[in-house]
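Good morning, and thank you for coming. Please look at the sequence and the structure on the screen as I begin.

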Amino acid sequence: MKKKPGALILFNEKSGIGKASTVILAVIRKAAAKGYEPIVYPIVPGTDLTSEKLVELYDGKVELVLVSGGDGTMNHLVDAVMRMKHKPRIAYLPTGSTNDFARGLGIPLTKPKGIETAFGGRVFNYDVGSMNGRFFNYVAAFGAFSNVSYETKTSWKNVLGYAAYVLTAAGNFVPAMKYSQHLRVITESSETDGNFVFGALCNAVTVGGLNIFGKSDVKLNDGKMELLMIYETKNLVELQAIAAALLSGKADHPNISIWQVDKVRIESDNPVSWSLDGEFGGETNVAEFEVHKNAISIMTGRKKR
């Protein structure tokens, strides 16, 4: 019998409301029907069953890696795949609470359509970012509210979904006014020095469920990402106006600046905590960012353009 190509199937059973584990049998059946040999593991943090270790173990042995979980799970997978010698295609079944990354790629959130896309969708190559050598899919952020995703209780996420993020952010609204970092933002064409309350390097249609750039067709494979920076304000009314500008999708406010970059260096007087795809990304005084064009191939529902 001719040996079938391998499909490594990973699932985070704690993602969302435990939906990941309920789709696995259907995924295995579809993989086998499509001519793959299914290789299935649960993701168990703190053991040998992590995305990083499993992907390394099967480097060069599989043609497809399918992961079922949330955006944080996908972050760990892509960071691991970017370090492989032989990068396979990725398939993603989103079972998280916000699923920003999946929405931007047109990956269906429903089980039947998602599984069909995972094995029969279009291959799409998209840009991946890196911060000091660690890779991320769609957003690196610091400052006010950037910690909302990884500080929101899992139990809240499971019961309330996106509303849990809103409630956590609302509780941080007044403390956010006190946050400020003096930064130097250095791109290939400019250098900016100032006090900032928030910043994010994005490659996404939505961030936190919000279309903050007001674009319906953000390009995810042009070798560029949007760098959004919000200058310091100590005025609650002004902070509310900034929030309203972001919610409107226009980001039109004197305290908001947006650049399109492929590389950027952000230097700070004090260590800054960063969030990568909603996961804690560490603290640093110097953050070196780079956009890696078309670095990952993923199965998507996006139409060919």
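Predicted model: local features only at pLDDT ≥ 70, side-chain atom pairs only at ≥ 80, totals over all residues.

Residues are numbered from 1 along each chain as its sequence is written, and side-chain values use heavy atoms, with hydrogens and water left out.

Helices (H or I, at least four residues) and strands (E, at least two) are DSSP runs, numbered from the N terminus.

How do two packed helices come to be described? By the angle between their axes and the distance between the axes. The axes of helix α2, residues 24-33, and helix α6, residues 111-120, come within 10 Å and cross at roughly 30°. Axes here are lines fitted to C-alpha atoms, for helices over the stretch in contact, and angles run from 0 to 180 degrees between N-to-C directions. On the α2 side, A26, V27, K30 and A31 make the contact, and on the α6 side I115, E116 and F119 do; contact means heavy atoms within 4.5 Å.

Helix α4, residues 71-81, is mostly covered, with 10 of its 11 residues buried, that is, under 20% relative accessible area (1.4 Å probe, protein chains only). Among them are M74, L77 and V78.

Finally, E267 lies in strand β12, residues 263-276. Is E267 buried or exposed? E267 is buried, at 17% relative accessible area. Beyond its neighbours within four places in sequence, E267 is in contact with residues including H182, R184 and N285.

Terms used
Buried < 20%, exposed > 50% of the residue type's maximum accessible area, 1.4 Å probe, protein only.
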